[in-house]
Amino acid sequence: MDLAAAELDRLVRRLRAAGCVFAEDEAALLAEAATTPDQLEGLVVRREAGEPLEQLVGWAEFCGLRLAVAPGVFVPRQRTALLAREASALVAPGDVVLDLGCGTGAIAAAVLARVPGAELYAVDVDPAAVACARRNLPPDRVLEGDLYEPLPPGLRGRVAVIAANAPYVPTDAVALMPREARDHEHRVALDGGADGLVVQRRVIAAAPAWLRPGGHALVETGRTQLDATTAAFRDAGMEVSVSSDDESGGLVVRGSKYPNSGMAAGSASS
């Protein structure tokens, strides 16, 4: 709905007082999402209470795409664009790609937009995330289950790229997250266990069985967890490399399966 300049200014002041750093942008998006003054007021009150903007307006921008977002579902972070770019660069048409812990399906959608011929599968354990991802991806390629469990067995040894933004926040640190996350995103998308890497280690340990020779597994991780993530890849017998984006804060570790399966894990280099 269109707002007069004075009304828009009042809305901006309310959002800024609630701690919204980009209050002008948020005011415009909330006004665009509302069709009546009462609906706009309801959205503003909910935003003031800490609900994520993306969940209120029903979409998030990621890698140039407008992706559907639903209440409770993990909102794609801009730092994860690094993971999407790195994965896309390794994919050719016809390659099998897995997006594990897909949330909205953001990584998978970004890869598919760049490589339309990719054979893509996305998996999440959260039914709400699965329903949301099916709005952003071919629905039959979004599977509900625990990591690799729901995948067709015939994919073993055929996968070119595994991309995973598994939860990596330590359990004790979830309470310290911004309220948009801790109060409005399902815990399963945030809590990575005691050191934050419980789910991530499971992704990495099983990756070689699913990857084709020369295939790659990529995970987003935290800077304080970089050494542990790297060690997990080496323990899985994979060659390790690291990419970072200082502007967004993105940090991605890539493990590559040796084309010669007889090559020793100890010869890996970062």
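Okay, quick one to start: in strand 5, which residue is the bridge partner of D124? It's E144. Keep in mind that this is a predicted model.

That bridge belongs to the pairing of strand 4, residues 119-124, with strand 5, which is parallel and runs over 3 bridges. Zooming out, we have an open sheet of 7 strands, mixed in its pairing, and the order is 5-4-3-6-7-9-8. Strand 5 (142-144) and strand 8 (239-245) are the edge strands, each pairing on one side only. From one strand to the next, the twist averages 20 degrees.

Now the helices. Helix 9 lies across strand 3, strand 6 and strand 7, and its angle to strand 7 is about 165 degrees. Its buried residues include V199, V203, I204 and W210. What covers the buried residues there? Among the elements doing that are strand 3, strand 6, strand 7 and helix 10.

Helix 10, for its part, lies across strand 7, strand 8 and strand 9, at about 15 degrees to strand 9.

Last stop, R212, which sits in strand 7. Is R212 buried, exposed or partly exposed? Partly exposed, because its relative accessibility is 32%. Leaving out residues up to four places away in sequence, R212 touches D95, G157, R158, V159, A160 and K257. With D95 there's a side chain to side chain polar contact at 3.1 Å. And L155, 57 residues away along the chain, has its C-alpha 9.4 Å from that of R212.

How values were computed: Residues numbered from 1 in each chain as written. Predicted model: local features only at pLDDT ≥ 70, side-chain atom pairs only at ≥ 80, totals over all residues. Heavy atoms only, no water. Helix = DSSP H or I, 4+ residues; strand = E, 2+ residues; numbered from the N terminus. Buried < 20%, exposed > 50% of the residue type's maximum accessible area, 1.4 Å probe, protein only. Contact = heavy atoms within 4.5 Å. Polar contact = N/O pair within 3.5 Å; in protein donor to acceptor, adjacent residues only side chain to side chain. Pairing = 2+ DSSP bridges. Axes fitted to C-alpha atoms, helices over the stretch in contact; angles between N-to-C directions.
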